[in-house]
Amino acid sequence: MNNIENTNIRHVAIIMDGNGRWAKKKGKVRIEGHKEGIKAMFRAINFSINKIKVLTLYAFSSENWKRPKKEVSDLMNLFVYILKKKVKILKKKKIRINFIGNTKVFCKNLKKYIKKTEKITKKNKKLILNIAINYGGRWDIIQSAVKIAHLVKLGHLEPKEINEKIFCKFICINEFFPVDLVIRTGGEYRISNFLLWQIAYSELFFTKVLWPDFDKKIFEQAILSFSKRKRKFGGIVSKKFEE
């Protein structure tokens, strides 16, 4: 794609959907679809380097616990394997990895590798990679409200002082650029409880391509679509995007 660096896009979030359906179409068990999804994830990460500043991936939602126990167990083991064997590759590429979501519920081993991964990549600046794991937009908003309520209880904050700016300080990924574009694969047209607060004015791109088949071409199509849109943010068209 030409002039991709001139699209004013800094932060892309992706709902990686379709692993299970991909496996079913191939006559394989669902975990094989997730393994292929990991390959697509690395393609997306490699494409993002030097093109955007932040990439946020929806890896496991708070609702995914409802899936069959065998699939959830396989996914947890897959997460551990990736963090144990593949993080070194991302570290060499100077990628900083953050995890967002309620990680307290995970097993001791997975929590250990999550903490280790964040620690060893903390100083990297080539790309910020946020992995949403056991994440839900409603949970995110609630945990922010709880923290604010605690400050009010301690007398550090007056209720009348609570506003959007204050709330943003406690929401996940608040320290990074706002989400410009949300991509969802798999042919579904919904947000599925992903970054509800953060994507209030993000552009959306939906594709029928199942996540394991997601590649550079589809990513470029999404960014090209973004570059052609006029972003108003509830008001007039921003001059930044008219130029």
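A surface patch is assembled here from residues with over 30% relative accessible area and no salt bridge, like charges being joined within 9 Å. Lys and Arg count as positive and Asp and Glu as negative, while His and the chain ends are not counted; the place of a charge is taken as NZ of Lys, CZ of Arg, CG of Asp or CD of Glu. Accessible areas come from the Shrake-Rupley method with a 1.4 Å probe, and for residues only the protein chains shown count as cover. The model is predicted, so that local features need pLDDT of at least 70 and side-chain atom pairs count only at pLDDT 80 or more, whereas totals for chains, interfaces and linings use all residues. Residues are numbered from 1 along each chain as its sequence is written, and side-chain values use heavy atoms, leaving out hydrogens and water.

On the surface, a patch of positive charge brings together Lys84, Lys85, Lys88, Lys92, Lys108, Lys112 and Lys116. Helices H3 (69-85), H4 (87-92) and H5 (108-121) each supply at least two of the patch residues, and H5 gives the most, with three. (Helices, H or I of at least four residues, and strands, E of at least two, are DSSP runs numbered from the N terminus.) Lys92, located in H4, counts as exposed because its relative accessibility is 72%; the cut-offs are under 20% for buried, over 50% for exposed, and partly exposed in between.

The salt bridges form a second theme. With a side-chain nitrogen of Lys or Arg required within 4 Å of a carboxyl oxygen of Asp or Glu, the count comes to nine. In one of them, Asp17 pairs with Arg21, their closest N and O atoms being 3.0 Å apart. Asp17 is buried at 17% relative accessibility, whereas Arg21 is partly exposed at 33%. Asp17 and Arg21 are also linked with Arg184 in a network of salt bridges.

Another salt bridge joins Arg229 to Glu203, with 3.1 Å between the closest N and O atoms. Arg229 lies in the loop between helix H8 (216-227) and helix H9 (239-242) and Glu203 in strand S6, so the pair ties together parts that are 26 residues apart in sequence.

The loop between S5 and strand S6 (203-206) holds Leu195, which is buried with a relative accessible area of 0%.

Notes:
Patch = residues over 30% accessible without salt bridge, like charges linked within 9 Å, V, L, I, M, F, W, Y side chains within 5 Å. Buried < 20%, exposed > 50% of the residue type's maximum accessible area, 1.4 Å probe, protein only.
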